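User: I have a model open and would like to talk through its folds and packing with you. Could you take me through it?

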Amino acid sequence: MRPESIDQGENVPVRLLHISDLHFGAPFVPEVAEALLVAAKQLSFDAIVVSGDLTQRARRNQFIAAQEYLERFPEVPRLVIPGNHDVPLYNVARRLTAPHRLFQTHVSPDLNAVIKIPGATLVGLDSTAPRSAISNGRIHAWQLDFAAEAFADTPADWVRIVAAHHHFAPAPDYLHDSTMPKSKRAIMRFVDLEVDLILGGHLHRSYIGNSLDFYPGSHRERGIVIAQCGTSTSRRGRGREQQKNTFNFATVCKKRIEITHYMYFAEHGFIETSSHQFYRHASAQQPLLPRLDKNRARG
Ligand SMILES: [Fe+2]
Ligand SMILES: [Fe+2]
């Protein structure tokens, strides 16, 4: 079936620009950032998600430059969450006492944030753990409750999106990085909350897939689409995206989720390199099947 035919009788889609890991500071590449702005201005979207690591070393001038850059994008609601590089690494005193002070002063006062646009609720979760797991990140149980509360009054046919800096899915190339601790617990809760899409960054290489690839869980027929963005404007790309810059463009319709992956080429700027289509299991039109019986499922 061609993707277009999935959406006959479609409602208005929700469109998102998803960028990540800007890394203002030494790794930041100004010409790539300008090309990203050019690409953004050629697209039409309802919100921007910036999934962390705005800076390289959490310095005031880096936050100010990052915020000034974000303000040059088209004026739509923006969900910006911190990454591990947005808390001080070497200044231990500041990391232990006020790790997010500069992010909150110059970028966003809310580390865990909710934005609502017509047809969608977006929940941003601060996955940084500056006092315990600075690189690996954490999502705490109270943050899952925070997401549940945000989605509680969301109409059944609205799109539900979660964004966090650290990765819920393993690295696509299985090089080194394991998933965020307790990410399975978070995925299971998000499935229960009927989240449609999870956005993230941190690995500096993209992954676009489905949580069922990693966590089959109890609802075998309903996973969550996961789109992890590479670094959009820095030279910190890794694995197959070494020296590469990328961003994602998400279109969520009533019955379909499409993620288009863009990559930067010096001679062309950012261009589409792949497009990924997923069926959307909207609760309003197709209720969840009952949970599998765990004992029977084992057999
Ligand atoms: Fe990063
Ligand atoms: Fe990171």
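Analyst: What follows goes from confidence to sheets, a hairpin and helices.

User: What kind of model is it, and how are things numbered?

Analyst: This is a predicted model, in which local features need pLDDT of at least 70 and side-chain atom pairs count only at pLDDT 80 or more, while totals for chains, interfaces and linings use all residues. Residues are numbered from 1 along each chain as its sequence is written, and chains are lettered from A and ligands numbered from 1 in the order in which they are written.

User: What is the average pLDDT of the protein chain?

Analyst: The average is 88, and 87% of the residues score at least 70; pLDDT is the predictor's confidence in each residue, from 0 to 100.

User: And where does pLDDT stay under 50?

Analyst: One such stretch is residues 1-9, with ten contacts beyond four places in sequence, and another is residues 284-299, with twelve contacts of that kind. A contact here means that the C-beta atoms of two residues, placed from the backbone, lie within 7 Å. Where pLDDT is low, the predicted coordinates should not be read in detail.

User: OK, on to sheets. What is the strand order in the open sheet of six strands?

Analyst: The order is β3-β2-β1-β10-β11-β12, with mixed pairing, and the edge strands, each pairing on one side only, are β3 (78-81) and β12 (269-279). Neighbouring strands of this sheet are turned by 20° against each other on average, direction ignored. As for terms, helices (H or I, at least four residues) and strands (E, at least two) are DSSP runs numbered from the N terminus, and two strands pair if DSSP finds at least two bridges between them.

User: How many bridges are there between β10 and β11?

Analyst: Seven bridges link β10 (residues 246-252) with β11 (residues 256-265) in the antiparallel sense, and F249 stands opposite T260 of β11.

User: Which helix lies across β12?

Analyst: Helix α2 (residues 30-42) lies across β1 (14-19), β10, β11 and β12, and runs at about 55° to β12. Axes are lines fitted to C-alpha atoms, for helices over the stretch in contact, with angles from 0 to 180 degrees between N-to-C directions.

User: What about the β4 and β5 hairpin?

Analyst: Strands β4 (residues 113-117) and β5 (residues 120-125) run antiparallel and are joined by five bridges, with V114 opposite V123 of β5. Two residues lie between the strands, and G119 takes a positive phi near 95°.

User: What do the buried residues of α6 pack against?

Analyst: They pack against β4, β5, β6 (159-164) and α7 (183-192). The buried residues of α6 are Q143, L144, A147 and A150, where buried means 20 or more other C-beta atoms within 10 Å of a residue's own, exposed means 12 or fewer, and partly exposed is in between, with C-beta atoms placed from the backbone.

User: Why are those four on the same side of α6?

Analyst: Because they cover an arc of only 120° around the axis, the arc being that of the directions from the helix axis to the C-beta atoms. The face turned away from that buried side carries exposed residues, including W142, D145 and E149.

User: Is F146 buried or partly exposed?

Analyst: F146, which sits in α6 (residues 141-152), is partly exposed because 17 other C-beta atoms lie within 10 Å. Its C-alpha atom is separated by 8.8 Å from that of V123, 23 residues apart along the chain.
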